[in-house]
Amino acid sequence: LTADTDIDSLIMNGNFGGTDDNTMRLDLADYKLRLHGGALALRDYASKEISASGNGALVIAADQAVFNFTYDVNRIEISAPIEWEKPAGSTVDYPDFLMPYYSGAETIFSGEDRVGDWGALSADGRNKGGSLLVFDGSSDRTFHGPVGGRFWMRKRGTGTLTFAGPDITRGRQI
């Protein structure tokens, strides 16, 4: 990214990347990428990375973050910090963290979570939850809403992962 950017949603579509690793990368550098629709879609047969080599951040400027990661790839990683800017007129206390579909061997959120307090967590990994969702790093994350979907989850790093919402899931093993 070469400047602060405001868009509705972002779709990274393509089978690009280096010749050796086939990874498509977006470096936010020192800039903020604001998603006013809250949606980030990563598509096609290349691993994807969104990073910030400087002080940049991925900013959710909606009541929900919607991560839709389709196709089987080896790895998807969001290592850029994630922030929330509450939209004008919003009545929610926390944004929802929604993954209506994600695929790949690993989907990793390793960047600093500057949101910290989220509403609901809903995730649906491919093949009845057969994709690994990883919350990594030193950030603390609390989900205040219900947890639902079909997914495998792992917590890595020093941060704390807390589920503080109602226990209304069909079933879970944590």
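## Basis of the model

The model is predicted, and local features need pLDDT of at least 70, side-chain atom pairs count only at pLDDT 80 or more, and totals for chains, interfaces and linings use all residues. Residues are numbered from 1 along each chain as its sequence is written, and side-chain values use heavy atoms, with hydrogens and water left out.

## Overall make-up

The protein chain has 1 helix and 17 strands. Helices (H or I, at least four residues) and strands (E, at least two) are DSSP runs, numbered from the N terminus. Of the 174 residues, 42% count as buried. Buried means under 20% relative accessible area, exposed over 50%, and partly exposed in between (1.4 Å probe, protein chains only).

The chain exposes about 8500 Å², and carbon and sulfur atoms supply 45% of that area. Accessible areas come from the Shrake-Rupley method with a 1.4 Å probe; for residues, only the protein chains shown count as cover. Among contacts between residues at least 6 apart in sequence, 71% join residues at least 24 apart. A contact means heavy atoms within 4.5 Å.

## The sheet of six strands

An open sheet is formed by 6 strands in the order β2-β4-β7-β10-β13-β16, with parallel pairing. Two strands pair if DSSP finds at least two bridges between them. At the edges are β2 (23-27) and β16 (152-155), each of which pairs on one side only. Neighbouring strands of this sheet are turned by 15° against each other on average, direction ignored. For such angles, axes are lines fitted to C-alpha atoms (for helices over the stretch in contact), and angles run from 0 to 180 degrees between N-to-C directions.

## Strands β3, β5 and β8

Strands β3 and β5 run parallel and are joined by 4 bridges. Arg34 stands opposite Val59 in β5. On its pairing with β8 (residues 82-84), β5 is again parallel, over 3 bridges. In β8, Glu83 is the bridge partner of Val59.

Another open sheet has 3 strands in the order β11-β14-β17, with parallel pairing. Its edges are β11 (117-118) and β17 (161-163); each has a single partner strand, so one side of each is left without a neighbour in the sheet.

Parallel pairing of β11 with β14 (residues 141-143) runs over 2 bridges. Here Trp118 stands opposite Phe143 in β14.

## Aromatic rings

A search of the whole structure finds 10 aromatic pairs. Rings of Phe, Tyr and Trp (its six-membered ring) pair if their centres lie within 6.5 Å; planes under 30 degrees apart count as stacked, over 60 as edge-to-face and the rest as tilted. Phe97 and Phe109 form an edge-to-face pair, 5.1 Å centre to centre with 70° between the planes. This pair links distant parts of the chain, with Phe97 in strand β9 and Phe109 in strand β10, 12 residues apart. Both Phe97 and Phe109 are buried. Phe135 and Phe143 have ring centres 5.9 Å apart and planes at 50°, so the pair is tilted.

Phe135 is buried, as is Phe143. Ring pairs join Phe67, Phe69, Phe97, Phe109, Trp118, Phe135, Phe143 and Phe163 into a cluster.

Gly37 lies in strand β3 (residues 32-43). With a relative accessible area of 22%, Gly37 is partly exposed. Although Gly37 and Ile7 are 30 residues apart in sequence, their C-alpha atoms are 7.8 Å apart in space. Leaving aside neighbours within four places in sequence, Gly37 is in contact with Ile7, Asp8, Ser9, Ala62 and Gln64.

Ser103 is found in the loop between β9 (96-102) and β10 (106-109). Its relative accessible area is 0%, so Ser103 is buried. Leaving aside neighbours within four places in sequence, the contacts of Ser103 are Phe69, Thr70, Tyr71, Asp72, Val73, Ile76, Arg126 and Ser131.
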